[in-house]
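Subject: Structure handover

Hello,

Please find the structure below. My notes on it follow.

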Amino acid sequence: MKSGRAKVASSRGSGLGGNDVYAELSEYEFETKKSLYEVANVKMHYPLYFGQAVVEGKFEDKLVTSNEATEGSYPRFESKERVLEIKNIGEGVRFKGGFRLQGTTVYGFGNRTERAELQLFNKKNSLVYKGQAELFVIKQEERIVGEGVESAIYFGKDSIYHPSVNIRFDLKTRELQLARGKRGSDRNPFFNSFQQINLDAERMDFELETDSIYIGRRNMGIAKSAVPVVFESLKFFSENDYNRLQNISTTNPIALMKVAYQETGEKTIAAESLAKRLNPKFSVENINSLLYDLVSKGFINYNADDGMVELKDKVLHYAEASQKKVDYDNMRISSETNETNAIFDLKDNSTSINGVQNIEFSQSQRVGLKPYGDNVRMKGNRDMDFHGRLFAGFGVIEGKDFHFDYNKYQIGLDSVRYFDMYLPTGKVDKNGVPEAYSIASRIEHLNGVLLIDAPSNKSGRESIEMFPSMESKKNSFVFYDYKKTQGGVYQRDSFYFHLNPFSFNSLDKYSQSDIHFKGKMVSADIFPVFDETILVREDSSLGFITKTPAEGYPNYQGKGKFKGTIDLSNKGMLGKGTLNYLGAKIDSDDLIFKPHQMTGSAERFDMEEDRKAAIQVPQVRGFDVLIDWRPYKDSMYVTSKEAPFELFKEGRHTLKGTLILTPGGLKGRGLFDWDKASMTSKLFSFGAYSAKADTTDLKIKAIDADAIVLSTSNLNGNVDFDKQLGTFKANAEVLTTTLPYNQYVTTFNEFDWDMAKETVTFRAFEGKLGNFVSIHPDQDSLFFQGKNALYDLKTNLLKVAGVPYIVSSDAFHLHRNWRHRSAGWRCHHGAEKCQNRGGYHQPVPRHQPGDSECFRQKEYRAKGFYEYNIAGKTQEIEFAEIVGTRIGEGNHQTKRSVTRATGEIGERNNFYIDHKTKFQGTINLSAENPTLGSTVLHSSNLRLYLQNIGFQSIVRATRMTCPLPTPFR
């Protein structure tokens, strides 16, 4: 039966493009009893894939359409042509192969000898992927999938290759997924020709739009444990791996395969033949697991269908490496992470590998890496960039911008944060690992190269003595800014050892004597920059012991000079020798030099007198002293531990405390003492033979005694021992001076001490008076004032002038000049006036030696004259005994005090009680009478009109009554 045209999709093939997709049937026939019919020669129209072209092939369809089980697989078409080019599958997609249609599904197919091929192009129309397989499935406008696809992702002249992988290409997102299948032949690793590695990964995701290949991307929808992705160098060899393969035979299969290759020259061998070589009793079934293991490890390709084994170069490499005939490496990088293991960037052909715990570059040289962030970036030919911590023998190098060069087998070190070295002890631990302890210093900011091994000796099969080797190219430094090193005062910006470029070989087998680095010491201007060599010190730090030149080193920018030994370690910068500063000489065994301070102790401190300089300084001798030099504050503090400093050439002056040596002269604080006095101050200034202080306390000693005769504080003092003169002035408005020997306190504002004459002259400010207050417990705080005073230290006699009065008892003692010894105050030139404080009884002024003595506030003794004038006659009564005394009942201290006096009037005195009555006899005066006081006249010889009358009475000058024993007639 013939038919001119038949449309396949007109009734049930809407998924194929409607009426545009149809097959032109040639002569055909079918049995009505069967649902299936076939047409051997048809012409298929499929404009979506082939445009106006017609594809010839065979057609198959069913007459019954109600069977859901077969609904989706019919109609069917298969092209006769096996090399068709299918276009318009998707953007940048090209396909070559046979065309097969089953329902709505399109298959691209081939066979073993002529496989179908899928090509993918990027936006630049460059080929980026090619896959070949016997069958591809093409879902219209959705995806392309394939199994057992030989795949290659291209970039430049290189590629990532896998011989048999499952693929899935999303036509909309343009994402290509390559996943290894479960079949033994699918377990091959990927091969990256650019990086020369085998890549053991389950999956790759290639995003054509971003030029990024995600390696080992985890399945986000299923929580699984991380599956390691392993990057293995093509030259990798592991003796453990080699020996592990020999598990079912007495001969290693790697060695057998190499022998087979040498015998035949072919890299293809029948699996059955290999089984017999391993054991004559073996068949393929006995070695299947071995074959698939060899596949997964990248040694062979194996196709179970044809039973042939294809040897890879890795077989020959392992066979020869096991016999040490070729060089090999230890580079196997394992990535373990729950995230994406690695990303290959097609823009620069580098792979960012995550989840890398460590990398071993050389097992024999013990060189390995712990990268920062568990990340490294692999470039071409196994070169790598990374940040992290490198282990090289007994050295540890930490930093960033490290570059591993595989061919040169070295690591460029652009920015080393620190290089730590460990000293081997010669012992090994229980695991056979050599024991070592850390050097307590770091080499920092290093730039250079770590030579792992010779480029032709990556395996370390030859023992080359110098490797691994550190080669520094530029600056590197040792710093001493540890907190435990003198409190961290050695700041790294100004205090460091600058190493010259160096080579340090044999990092895996050095000793302490091998550690020495030449360079320059920069000491924050403690000393000038000088050349030196650092080595391991007794505290395991890097440092040195060196001697200054014979002339010494200027230190602290020339403020001083040091001559002796300089000792640098983590204990600090120490010194042992002689320090000269501003004329002082210090010999010390334990100086500590810090950037802004020098401290230490010394058995001696010597300074010579200098009277010729603009600023004179004294001779000083110190023994067992502490030193604290602040050079940039121009002050050296020298403190005596026990024995005081000896000042001046005379040898009688000492300072117990601290001397402060400055460009402005010698200062001091503490107790300044000599045979005549002592001064205490927080700041003395010493001349060649003088001392002064803005604020000081002074104690003057008694002659030939330990007692203090004068004590005062808070005054400005200047003592010139050449002139034997001391001048002192009050800093406050009132200067309080204690005279312990005299037991008085005075408030004169200034005084001069004549040390030669042994006198102290007190003066008050102009218009002011100085106070005197008794501190004697029995003198009731006797108080008076004076204009000036002279204190004789030889006799302890205190003379006060310009005294307005002294109040004692109930009397004013009006005399301007007084003198004092321990007994009390005495008027030496007669009382000018002594009157009751009420103004009642006033002795007449008369100058007579020894007339008045004041003992205490309420008691005194005096001699004087009492005016007793009557009309027309001026006369006075002489009192030989005038006293202030306590009267009344009660406590002695609280009794009131009054003045009483007794005098004798003789006949020759011609004394009149009134103008007619003459008196002679005893007169007693009592000052307690508030109006006139009381005068008691006691006489037995009152001459009245030439008669003598005896009586005793209280009399008044204005009105006198005399009781008589016998009436007068």
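I begin with helix α5. The buried residues of this helix pack against α4, β19 (268-270), α6 (284-296), β20 (300-303) and β21 (308-311). Which residues of α5 are buried? In α5, which spans residues 271-278, they are Ala271, Leu274, Ala275 and Leu278. Around the axis they cover an arc of only 100°, so they lie on the same side of α5.

Please keep in mind that the model is predicted.

Next is the pair α4 and α7. Helix α4 covers residues 253-264 and helix α7 covers residues 313-322. The two pack at an angle of about 115°, and their axes are 9 Å apart. Angles from 65 to 115 degrees count as roughly perpendicular, and α4 and α7 are therefore roughly perpendicular to each other. Their crossing is left-handed. On the α4 side, the contact is made by Ile254, Met257, Lys258 and Tyr261. On the α7 side, Val315, Leu316, Tyr318, Ala319 and Glu320 take part. Sorted by class, the contact of α4 with α7 has 7 nonpolar and 2 charged residues, and no polar ones.

Finally, some totals for the protein. There are 7 helices and 74 strands. Of the 969 residues, 49% are buried. Among contacts with a separation of 6 or more, 48% are between residues 24 or more positions apart.

Regards

Key:
Residues are numbered from 1 along each chain as its sequence is written. This is a predicted model: local features need pLDDT of at least 70, side-chain atom pairs count only at pLDDT 80 or more; totals for chains, interfaces and linings use all residues. Side-chain values use heavy atoms; hydrogens and water are left out. Axes are lines fitted to C-alpha atoms, for helices over the stretch in contact, and angles run from 0 to 180 degrees between N-to-C directions. Helices (H or I, at least four residues) and strands (E, at least two) are DSSP runs, numbered from the N terminus. Angles under 35 degrees count as roughly parallel, over 145 as roughly antiparallel, 65 to 115 as roughly perpendicular and the rest as oblique. A crossing is left-handed if the near helix is turned anticlockwise from the far one by less than a right angle, and right-handed if clockwise. Contact means heavy atoms within 4.5 Å. Ala, Val, Leu, Ile, Met, Phe, Trp, Tyr, Cys and Pro count as nonpolar, Asp, Glu, Lys and Arg as charged, and the others, Gly among them, as polar. Buried means under 20% relative accessible area, exposed over 50%, partly exposed in between (1.4 Å probe, protein chains only). The arc is that of the directions from the helix axis to the C-beta atoms.
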